[in-house]
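The sequence and the structure are shown first, and the description follows.

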Amino acid sequence: MGPSRSGTVAIIGRPNVGKSTLLNAALEHPLSIVSSTPQTTRDAILGVAHSGNAEIGLLDTPGLHKARSELGRVMNETAREAARAADVVVFVTDLPTIGERRANDEDEPRGRPLEPHAGDKTLLADIGEGKPTILVLNKIDRVADKGRILPLIEAFTKLREFAAVVPIAALKNRGVDRVLDEVAKLLPEGPHRYGPEDMTDRPVRFFAAEYVREQILHATSAEVPHAVAITIDRFVEPLEGQGAVQVDATISVERPGQKRILIGTGGEVLKRVGTQARLRIEELTGRKVNLKLWVRVVPDWRKSRQDLRELGYGGAGLSGEEGTIRIDAELDDELGESDQDGGEQEDQ
Ligand SMILES: Nc1nc2c(ncn2[C@@H]2O[C@H](COP(=O)(O)OP(=O)(O)OP(=O)(O)O)[C@@H](O)[C@H]2O)c(=O)[nH]1
Ligand SMILES: [Mg+2]
């Protein structure tokens, strides 16, 4: 087993390379939201994994990109800060679909040697020389001729030193254990910080908001997924056997047209989003959930620092538990006491 080890590991990389898929594979639970839309993840999300006697605090982060809005800047800063604070960085890149054109090989024929993505070069230069870094090449299932991967690894290792290079297919859970093994070796010795059952440090209400957003990412396209923010207005978790978890959430969009798309003809899009999100929250909590959704327009919220803070980005936001109502007493007709952080007391 070796000595007890514990530390944090930031999963860093461009959008859409499979960072959240990797976190979920390591946890064997779909905690972090995943979609084919770039910039799915907006916060640093901790998942606690284990390998041998090591406790690995894996931090999923937003994909680093050229920010065009205040939200983008906040997301990039979140990822950079996670990398700075972590004991180890897992740098994820993905292999292209066969024949896929990339920024740096536009006019090249298929099958030419794979090269590091131009964006990866910039990002790697930003990671401190002294920071132990593991390179993860994800989506190896997309490359039929595995002989093409070796020269790519060689090209990457010329860019900086890596403690290990691990080709994986996160979606198929291939190679993920090896990533955890390699990470574990690099963590400092020390006692574990979380209980054996702890999967994350975020409250359920955070994931309730995420799972609503996830279903919107699946149900809509173009600019709508990017223009959506979810806030939890009410979250009531009664004692076991005392009824369903009650979640009221507001979906903010930037324009009336987006609101119309999201609601859909006769409310069918919103209804589907609600049903699927409810199932995801039920899976996480193991409880019945009652989910109510509202949609409102907050013009250009992604550009305004203040709107961002109010919607939970770049401040405490939903990472805290403010507004969460904890039922510590038996539930009669009234709710029990609200939490100590000034949570609101609500009438039923
Ligand atoms: N073929 C293949 N697709 C994968 C693999 N891993 C992830 N994907 C897909 O890649 C897309 C992006 O995955 P995410 O995990 O959301 O990527 P991300 O890096 O977290 O993206 P952002 O949160 O936007 O930064 C999804 O459609 C995944 O299903 C893999 O091993 N093989
Ligand atoms: Mg992600």
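## Strand pairing and the nonpolar core

In strand β5, Asn138 is the bridge partner of Asp94. The model described here is predicted. Strand β5 covers residues 133-138, and its pairings are set out below.

| Strand pair | Sense | Bridges |
|---|---|---|
| β4 (residues 88-94) and β5 | parallel | six |
| β5 and β6 (residues 164-167) | parallel | four |

Within β6, the bridge partner of Leu135 is Val165.

Six of the six residues of β5 are buried, so the strand is largely enclosed by the rest of the structure. In a regular strand, side chains alternate between the two faces of the sheet. Both faces of β5 are covered: Thr133, Leu135 and Leu137 are buried on one side, and Ile134, Val136 and Asn138 are buried on the other.

In soluble globular proteins, nonpolar side chains tend to be buried together. The largest nonpolar core here has 86 residues, and Val90, Val136, Ala208 and Val212 touch the most other members. Helix α6 (residues 204-219) supplies the largest share of this core, with nine residues. Because domain 1 (5-186) and domain 2 (204-346) both contribute residues, the core lies between them. Leaving aside residues up to four places away in sequence, Ala208 touches Ile232, Phe235, Val247, Ala249 and Ile281.

Notes: Residues numbered from 1 in each chain as written. Chains lettered and ligands numbered in written order. Predicted model: local features only at pLDDT ≥ 70, side-chain atom pairs only at ≥ 80, totals over all residues. Core = buried A, V, L, I, M, F, W, Y, C linked by C-beta atoms within 7 Å. Buried ≥ 20, exposed ≤ 12 C-beta atoms within 10 Å, placed from the backbone. Helix = DSSP H or I, 4+ residues; strand = E, 2+ residues; numbered from the N terminus. Domains from an automatic or database assignment. Contact = placed C-beta atoms within 7 Å. Pairing = 2+ DSSP bridges.
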